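Subject: Handing over a structure

Dear colleague,

I am passing this structure on to you, together with some notes on what was found in it. Please have the view open while you read.

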Amino acid sequence: MNKRTAIILIDALGCDMTEYHGFRPKTLPHRTRLKTVLGFSQAALTSIFTGSAPDAHGLWLMYSFTSGRSPFGILRGLRPFGGTDRLWVRDLLGWKLSRIDRISAYYSLYAIPGEVLERLDLPARKSMFDRLGGGNRRSIIDQAYDEGEVFIRDYNTPEEKAFDELESALESGETLFHLVYTAGLDSDLHRHGSMDEAIDSRLTNYSRRIDTIVARFPDVRFAVLGDHGMCDVTDHIDLMKAVEATGLRIPQDFIPFYDSTMARFRIFGEGAAELLSEVLRSIPGGRLLKSEELNSLGVYFPGSVYGDLIFLCEPGTIILPSFMGSDPVKGMHGYHPSASCMDSVMFSSEEFDGNEAPITGIAGFLLPGFRGGRSRG
Ligand SMILES: [Zn+2]
């Protein structure tokens with residue numbers, strides 16, 4: 001039987017940022033710099049849990065393009081009565097996605113226009129914190145459930161309560177595997193940037209809570225880690241305006257998806273592809289990613305699932321406005337993983353072999369004896 005394990009996953013716990021604020025739990029002597037994957041939290045967390053890259057587990061981004069039926073197709077019939085800016089439309093859609101499509105994964109409609117949403121799909125159907133939530137791959141959570149009692153608290157539990165409950169669960173001693181996920185730091189970093197005092201006080205609170213818990217349970221293996229870092233925002237580009245100026249039509253010529261750092265385009269026809277590529281190449285602050293590069297980053301998907309053209313911003317630049325909204329933010333992630341501000345970090349009670357690791361290479365450390373492979377789901 002494995003030693004009892006407790007993992008505390010702090011969204012956006014960046015390596016550089018922890019150094020800047022002097023965050024270093026005293027009770028956890030080992031520190032490993034983590035290289036993340038291209039994408040956002042869904043990609044990074046699933047990569048951590050499955051020990052595989054997005055092109056293996058399949059859950060790269062929250063939204064993919066669909067050539068068949070979209071779970072949002074219902075919006076087409078509702079259009080004469082209202083769009084997703086109406087609360088009742090959102091409620092009806094939410095009911096349909098959970099009850100009919102059985103989607104329990106986290107998603108947000110953000111500010112995605114209806115005409116685009118109707119042509120999108122949600123690749124993640126189950127929550128990544130549940131059994132079979134690792135897409136095509138088996139996750140450490142699947143294995144933990146197979147081995148015994150499991151304690152998991154995700155974004156549905158307020159942070160302080162999650163720490164309290166973790167402490168009680170460790171005290172009861174019945175559970176082998178514990179996982180707490182918290183998104184509070186991520187939202188502070190988006191709002192304030194990485195150098196603000198608000199970050200300092202949140203990290204100080206984490207240190208205090210973590211050191212108390214670790215000191216109380218010396219027989220438990222502890223790992224405190226993040227999924228990606230955070231880069232301070234210094235610039236923005238109006239990509240939507242430049243693309244609209246081409247005169248290309250949605251959905252006849254293309255369907256766009258404007259994330260905050262990445263824009264993806266599903267394209268119909270040679271002419272549209274050429275025109276769009278030309279415009280995207282002329283925009284400073286970002287570049288088009290070639291398939292070889294996507295492949296080497298573990299995010300190459302043949303076909304148009306996640307788009308035919310993928311434009312990525314330089315670290316510090318955001319697309320504004322985007323489907324994420326029109327409010328400027330002070331911190332953002334979702335940049336090329338080679339940027340140092342994108343690195344995350346792991347503090348652990350046991351030593352990890354090496355000072356640096358890809359986040360796809362730590363599943364077997366987080367849950368010793370983890371066997372990856374294809375999911376049975
Ligand atoms: Zn975030």
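Helices (H or I, at least four residues) and strands (E, at least two) are DSSP runs, numbered from the N terminus, and two strands pair if DSSP finds at least two bridges between them. Strands E5 and E6 run parallel and are joined by 4 bridges. From E5 the chain passes through helix H8 (residues 159-172) to E6, in a β-α-β crossover that is right-handed; that term applies if, with the strands pointing away from the viewer, the path from the first strand over the helix to the second runs clockwise.

Before going on, please note that this is a predicted model, in which local features need pLDDT of at least 70 and side-chain atom pairs count only at pLDDT 80 or more, while totals for chains, interfaces and linings use all residues. Residues are numbered from 1 along each chain as its sequence is written.

The sheets

E5 and E6 belong to an open sheet of 7 strands with mixed pairing, in the order E5-E6-E1-E7-E16-E2-E17. At its edges stand E5 and strand E17 (356-358), each with a single partner strand, so one side of each is left without a neighbour in the sheet. Neighbouring strands of this sheet are turned by 20° against each other on average, direction ignored, where axes are lines fitted to C-alpha atoms, for helices over the stretch in contact, and angles run from 0 to 180 degrees between N-to-C directions. H8 packs on the sheet and touches E1, E5 and E6, and its direction makes about 170° with that of E6; contact here means that the C-beta atoms of two residues, placed from the backbone, lie within 7 Å. Within the sheet, E1 pairs with strand E7 (residues 221-225) in the parallel sense over 5 bridges, and isoleucine 8 stands opposite valine 224 in E7.

There is also an open sheet of 4 strands with antiparallel pairing, in the order E10-E11-E13-E12. Its edges are strand E10 (254-258) and strand E12 (286-288), each with a single partner strand, so one side of each has no neighbour in the sheet. Here neighbouring strands are turned by 15° against each other on average, direction ignored. E12 runs antiparallel to strand E13 (residues 309-313), to which 3 bridges join it, and glycine 286 has cysteine 313 in E13 as its bridge partner.

A residue is buried if 20 or more other C-beta atoms lie within 10 Å of its own, exposed if 12 or fewer, and partly exposed in between, with C-beta atoms placed from the backbone. In helix H9 (residues 184-192) the buried residues are Leu185, Asp186, Asp188 and Leu189. Seen down the axis of H9, these residues fall within an arc of 165°, so they line one face of the helix; the arc is that of the directions from the helix axis to the C-beta atoms. Their cover includes strand E1 (5-10), helix H10 (197-216) and strand E15 (331-332). Just after H9, glycine 193 takes a positive phi of about 85°.

In helix H7 (residues 140-147), the residues Ile140, Ile141, Asp142 and Ala144 are buried, and what covers them includes helix H2 (41-50), strand E5 (150-153), strand E6 (177-182) and helix H14 (363-366).

Backbone points to check

Most residues other than glycine have a negative phi, and most peptide bonds are trans. Alanine 12, in the loop between E1 and helix H1 (15-21), has a positive phi near 70°, and alanine 12 counts as buried because 26 C-beta neighbours lie inside 10 Å. Arginine 102, in the loop between helix H5 (87-99) and helix H6 (114-117), has a positive phi near 55°, but arginine 102 is exposed, with 9 other C-beta atoms within 10 Å. A cis peptide bond joins isoleucine 250 and proline 251, with omega about 5°, and the bond from leucine 320 to proline 321 is cis as well, with omega near -5°.

The whole chain

The secondary structure of the protein chain comes to 14 helices and 17 strands, and buried residues make up 44% of its 377 residues.
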